[in-house]
Amino acid sequence: MNKKLYIQTLGCAMNERDSEHIIAELEEKENYQITTNPQEADLILINTCSVREKPEKKLFSEIGQYAKIKKNDAKIGICGCTASHLGESILKRSKAVDFVLGARNVSKISQIIHQKRVAWVDIDYDDSSYIFSSKQNSILKGMINISIGCDKKCTYCIVPHTRGNEISIPTHLIINEAKRLANQGTKEILLLGQNVNNYGKRFSIPHRKINFTQLLYEISQIDGIQRIRFTSPHPLHMDDEFIEEFAHNPKLCKAIHMPLQSGSTKILQKMKRGYTKEWFLNRVEKMYSLIPHLSISTDIIVGFPTESEEDFLDTLDVLEKVQFDTLYSFIYSSRPHTEAAKWIENKEVGEIDEEEAKRRLILLKDKHRDILTQNNQKELNNIHSILFESYDEQNKLLEGRSDTNKLIRVKAGRNLVGEICKVKISEIKGAQLIGELM
Ligand code: SAH
Ligand code: SF4
Ligand code: F3S
């Protein structure tokens, strides 16, 4: 009989990928089968995120909830970034937890489930012979890690502490993995790393010199791979060579994440982001000049210590100028092991009043909503190529994403899942884009 695994995944795409890895290991080596019902699970895993304080605080109440409803002999394991960050203290705080497995240690999942009350969170765990998980949530789309960890020291961010130093995965392993995916029918791949465009900076084995732009080119030469996406690139490393390749290589999807964080050069310096407002705008301008229909998404933090009204207005100014299609916005959350947290602790800087930070967040989101409406209006009669991912037989509705990563629905009499087709946008219903096959 199969044992049942329930897994809850929080955080970013890297965690999603790690969860796929965990599921594959447990299915292949330990005879587990996934369930969506924690009450029938033999193993409950929470793959955690610690980038902001709130979800981390919620963790212990969540553990309590699972402990109440779980089967008598079911185990609970905590994986991911909060596992790395809090380590053994999770075991001390909660008797219900059986083991703690850090973000850099996921490949040890099938060993740790047989241990009692242990925490494996070694940050120096060597991944030089990186093994990709064979599990994919969708056959059409596959994720490939190209680097792990992060060497930047953005002063607000806990990720370098939870994921460790940045190491690039050897190129031949990435290429082999992309070929394997192509052979099994994968059309689109998503390259993953905290700083994808810093690729090639450090390998843990002797390696030829290579950068991100060259890696993109090499992957795009693989037959069968039709679309390539990546996340997250860092605006600092978006050089001209990269932008030219990005613009002219048809396999590189014309949607890019450009995490701004703040529009104020003063705040960017305090965040140690390494670029200015002008650099960011200059990169965007260059990209728009080569790719007018480019879709740009971003991350913005409001209420970073010392952010004045003027700094915030700079952020709004960049929002207005760039017309981002997607915005992920957050109120600054002070995190342990970061430089900014130490400034606050030493009273070198004060925190921004919570109400004021909330006001800025609301203003930012409101302004973005207007931009999104305008951007969507401009879509009418545009032509996109769509990779169809699902078909609703009853309503004869196909759904897929454009090259620019927009979700588009199309009425069609036949199932075209897996095909890439040209679609003309015929209707805009609020945020919903509807198209017709051409
Ligand atoms: N490597 C990515 C970011 C990973 S964390 C990059 O450099 O862009 C994802 C997002 O969470 C960040 O872009 C940032 O906007 C947000 N974030 C990180 N630390 C935060 C903090 N302490 N408070 C609020 N938001 C934070
Ligand atoms: Fe965090 Fe900065 Fe690294 Fe992104 S680049 S993970 S924000 S330290
Ligand atoms: Fe969260 Fe870790 Fe990703 S802190 S955002 S899950 S790298």
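Leaving aside neighbours within four places in sequence, isoleucine 420 is in contact (heavy atoms within 4.5 Å) with Gln226, Arg227, Ser385, Ile386 and Leu387. Isoleucine 420 belongs to strand 18 (residues 420–429); helices (H or I, at least four residues) and strands (E, at least two) are DSSP runs, numbered from the N terminus. With a relative accessible area of 30%, isoleucine 420 is partly exposed, where buried means under 20% relative accessible area, exposed over 50%, and partly exposed in between (1.4 Å probe, protein chains only).

The model is predicted, so local features need pLDDT of at least 70 and side-chain atom pairs count only at pLDDT 80 or more, while totals for chains, interfaces and linings use all residues. Residues are numbered from 1 along each chain as its sequence is written, chains are lettered from A and ligands numbered from 1 in the order in which they are written, and side-chain values use heavy atoms, with hydrogens and water left out.

The chain is divided into domain 1 (3–120), domain 2 (141–377) and domain 3 (383–437), with bounds that come from an automatic or database domain assignment. Taken over C-alpha atoms, the centres of domain 1 and domain 3 are 36 Å apart.

We can turn next to the ligands. Around ligand 3 stand Cys12, Asn15, Cys49, Ser50, Val51, Cys81, Val159, Arg163 and Gln194, a residue being near a molecule if one of its heavy atoms lies within 4 Å of it. Domain 1 and domain 2 each supply at least three residues to this shell around ligand 3. By residue type, the shell of ligand 3 comprises five nonpolar, three polar and one charged; here Ala, Val, Leu, Ile, Met, Phe, Trp, Tyr, Cys and Pro count as nonpolar, Asp, Glu, Lys and Arg as charged, and the others, Gly among them, as polar.

An unreviewed UniProt entry carries the annotation "binding site" for Cys150, Cys154 and Cys157; UniProt positions are given in the numbering used here, feature names are shortened, and annotations may be inferred rather than shown by experiment. Cysteine 150 is found in the loop between strand 8 (147–148) and helix 6 (159–163), and cysteine 157 also lies in the loop between strand 8 and helix 6. Cysteine 150 counts as buried because its relative accessibility is 8%, and cysteine 157 is buried with a relative accessible area of 19%. Not counting residues up to four places away in sequence, cysteine 150 touches Pro160, Gly164, Asn165, Glu166, Gln194 and Asn195.

Salt bridges, each a side-chain nitrogen of Lys or Arg within 4 Å of a carboxyl oxygen of Asp or Glu, come to a count of 33. In one of them, lysine 135 pairs with glutamate 27, the closest N and O atoms being 3.7 Å apart. Lysine 135 sits in the loop between strand 6 (118–120) and strand 7 (141–145) and glutamate 27 in helix 1 (residues 13–30), so this pair ties together parts that are 108 residues apart in sequence. Lysine 135 is partly exposed at 22% relative accessibility, as is glutamate 27 at 31%.

Lysine 141 forms a salt bridge with glutamate 389, with 3.1 Å between the closest N and O atoms. This pair links distant parts of the chain, lysine 141 being in strand 7 and glutamate 389 in strand 15 (residues 383–392), 248 residues apart. Arginine 202 and aspartate 151 also meet through their side chains in a salt bridge (2.7 Å, N to O). Because arginine 202 lies in the loop between strand 10 (188–192) and helix 8 (212–220) and aspartate 151 in the loop between strand 8 and helix 6, the pair ties together parts that are 51 residues apart in sequence. Arginine 202 is partly exposed, with a relative accessible area of 32%, whereas aspartate 151 counts as buried at 17%. Glu307, Glu309, Glu356, Arg359 and Arg360 are joined in a network of salt bridges.
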